[in-house]
Amino acid sequence: MTEQETTNSAHVEMAKAYDFTTVEPKWYQRWLDEKKFSATMDDGKPSFSIVIPPPNVTGVLHVGHALNNTLQDILVRYRRMQGYNVLWVPGTDHAGIATQNVVERQLAQEGSSRHDIGRRRFIERVWQWKEESGGQIINQLKRLGCSCDWDRERFTMDEGLSKAVRTVFSRLYQEGLIYQGDYIINWCPRCHTALADLEVEHEPTDGHLYHIRYPYASGDGYLVVATTRPETMLGDTAVAVHPADERFANLAENAVILPLAERKIPIVFDTHVEREFGTGALKVTPAHDLNDFEIGRRHDLPIVKTMDDNGVMNEAAGPYAGLDRFECRKRIVADLEAKGLLERIEPHQHGVGHCYRCQTVVEPALSKQWFVSVKPLAEKAIAAVKEERIRLHPKSWENTFYDWMYNIRDWCISRQIWWGHQIPAWTCETCNELIVSDLDPEQCPKCQGANLHRETDVLDTWFSSALWPFSTLGWPEETKELQFFYPTSVLITSFDILFFWVARMMMMGIHFMDEIPFQDVYLHALVRDANGQKMSKSKGNVMDPLLLMDQYGTDSLRFTMAAFAAQGRDIRLSEERIEGYRHFINKIWNAARFAMIHIKDCDPAITATIDPARLPLQHRWILSRLSRTTGEVQKALDGFNFNEVANSLYQFVWREFCDWYLEWSKADLYGDDAETKANGQAVLLHVLESTLKLLHPVIPFVTEEIWEALPGQRTGIMTEPFPVCKPEWESEEIETAATLIMGVIGSIRNIRSEMQIHPSMEIEAVILCPDAQRAGIIGEYESAIRAMSRTKQVTLSQSGERPEGAASNIYTDIEIFVPLAGLIDIDKETAKLAKEKEKVAAQLQKVTGKLGNAKFIANAPDDIVAKEKAKESELSGQLAKIEENIQRLRELA
């Protein structure tokens, strides 16, 4: 063991105040230097592995990342302490469209474009940007305390992952699961690329429904067709009606004349038509709508494409060629109206698809693209979830998963951009043979021609991400990492990429590894602001985790994230809660400083001598509570109930260990009896050590700093064994007795507080406890009651009269009285409270008047009104308390 790895046995003095600004960078660097995060592959030890959801290389840390990676790190540190071979694989995603957009903006600022410099130089430029600026989020994850094995960091376009991508593409193609075809895809005219269905964001939009007259070809009347997109009508090749629609049961016509184009098109009957929409007659535009494309296939309709890749009308649009699609809409509507073919226009709200990257309105367009036939892959993934080989947490997501997977469409995997995995397909210019290979071919296998043209499209970013669990472990090579760590143990990710990413990893993992990619999937919710609003720059409610860590410390943010991470519930994040948990961190620090006064010279081996049967109540109680808390924390961690982990630890540390046990143990620690003191020191050291270990996965920095200060030679807490519960130390009887004593003390303290008796004044207490057994326990621990409530005398009986002039409190069925004679001047206190009541009542009247003013309510911002309502509630509570205390004093007079 090196000098660096071992804390000297000499006592490390704890600073008076905890300074996270120096502690956090110090410990993170030491962990890196000592290779604490490096994966082990020891035979005979269980393995735990997790792959990070790779953030975009363009990204910076946001609150969603902070939540996601905090939860992962908690599990990783927990399993590491349990002795597992632990691997947490970090990495970033090349983020095709997003990264290309970043570099294109740089070029635009230089007066250039990717087309000006060409593909090769553009790709070099993107790699240059990645090396210079792409690692920012990795450093931010380190700031968060993430204990990834950074020596194994991966990038979705590194050499190994590129090989995996080409291998997968080639095999799927050979298996007939990848094909090229004409299809209606989602096309972004701004990004110039196809988008998967999941990459299109549908927003409710106030538009119009245009009712257009299509004259019958016979010249006798017309059919009214309703559409939201009249600019596409130039590509109509039919009008469809439902065969069961009674309105068209006796339709004698079989064709109409397409308005403006003067082209004859048929009327077809198809069950796809929604009879309730519009007039029941649907214009069919196979080149510009997916459902129309399918109708066209069924009825063998021609396809007329009237728009180019820029969203501009082409030559097929006739006189409208060269117009932007939205300008074309205006012109067509005007022309229809001029010809008397526009029957009416109605307001109509409908979902309009927007590109998830640039928010441009997406255009359904006919294009030759590459697709994965996913139905056969989806069936295996569905089976894995149904058979519970993969478990979703919370389970409520299963129905959504099944619904999507059963209705899955083939996956369009080609993108018309330059940055990404270029599709490994070549066309022979001599014989037109298509060659798909994981290696660059030198000649055509059919005609031996050497003039090969490579496909220019790249793969959807999610294609390489879908291979992440096994490609990062070395596949397609047979590596030791795959043997030890695949399938991975758990995936933690946001629910909104369940289909983008999680389902696709299931499909690819099962297909290529013949094994699930992970056993559990924990889907966390969104992080919102304190009012439940989604965070956005436009609302000004974005919380920057880096700034929060700078202000409150990383441990405070991590504990907050864990405390709020209830399964299935969105997180409402507020600075007040983060600040509250900073106080919790300081509470732990101060408790450790107090403990160090008494244990700094102890031999750590004394904890092995603990025998609860020989210890007094307070020690047996805290040991019982420690064991139960350990069991609660372990159960919650195993079940991914992170909020229960935080809440159990908070309750134990603050309410039990700090508030009660430390106070209760002072008599033993400061006493003269050597054996009593030694027992107290042993329990205090053991409980502090165990508590720090329980806390470490959640708040690693402060626990490591305190651990170093504890007596004895110590390696870091990160590799200490995680505590296990000791059922033999647990006692319901002991906990009930201790709770009784604390309840009595709390009641006496409440009286002192409510009657405003100065802390330095000693009081007397009269306790009436009707139950003989509990009265015996109270009598046995009378000295503890007196010490912790600053009571000079306790009179205990099972029955009796209420003492005159005494304030009272009730705990269960036990009555506690404190005679007030000589402690307070009742008349003086009553007068003081009456004056306070007058002041608070005036403030309340002012606030109530403001809230009763309709003009104020109508014009004031919502947050101001909310503050006034909160103030009203607070003042009402104060007034009620004052009146209650006045009444109590009157009763005592």
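Me: Is K36 buried or exposed?
Reply: This is a predicted model, and in it K36 is buried, with a relative accessible area of 15%. The cut-off for buried is under 20%, so K36 qualifies.

Me: Where does K36 lie?
Reply: In the loop between α1 (20-33) and β1 (47-51).

Me: And what is K36 in contact with, leaving aside neighbours within four places in sequence?
Reply: W31, R80, G716, M718 and T719.

Me: Switching to rings. How many aromatic pairs does the structure hold?
Reply: 36. One of them is F584 with W654, which is stacked, at 6.3 Å centre to centre and 15° between the planes. F584 is in helix α18 (residues 575-599) and W654 in helix α20 (residues 642-670), so the pair ties together parts 70 residues apart in sequence.

Me: Are F584 and W654 buried or exposed?
Reply: Both F584 and W654 are buried.

Me: Which charged ends sit over a ring?
Reply: Among them are K142, over the ring of W150 at 5.1 Å from its centre, and R714, over the ring of W707 at 4.6 Å from its centre.

Me: Now sheets. What order do β18, β19 and β20 take?
Reply: They form an open antiparallel sheet, ordered β19-β18-β20. β19 (434-436) and β20 (452-454) are the edge strands with a single partner each, so one side of each has no neighbour in the sheet. Twist averages 30° from one strand to the next.

Me: Which helix lies across those strands?
Reply: Helix α7 (residues 159-174), running at about 130° to β19.

Conventions. Residues are numbered from 1 along each chain as its sequence is written. This is a predicted model: local features need pLDDT of at least 70, side-chain atom pairs count only at pLDDT 80 or more; totals for chains, interfaces and linings use all residues. Side-chain values use heavy atoms; hydrogens and water are left out. Two strands pair if DSSP finds at least two bridges between them. Helices (H or I, at least four residues) and strands (E, at least two) are DSSP runs, numbered from the N terminus. Axes are lines fitted to C-alpha atoms, for helices over the stretch in contact, and angles run from 0 to 180 degrees between N-to-C directions. Contact means heavy atoms within 4.5 Å. Buried means under 20% relative accessible area, exposed over 50%, partly exposed in between (1.4 Å probe, protein chains only). Rings of Phe, Tyr and Trp (its six-membered ring) pair if their centres lie within 6.5 Å; planes under 30 degrees apart count as stacked, over 60 as edge-to-face and the rest as tilted. A charge sits over a ring if NZ of Lys or CZ of Arg is within 6 Å of the ring centre and within 35 degrees of the ring normal.
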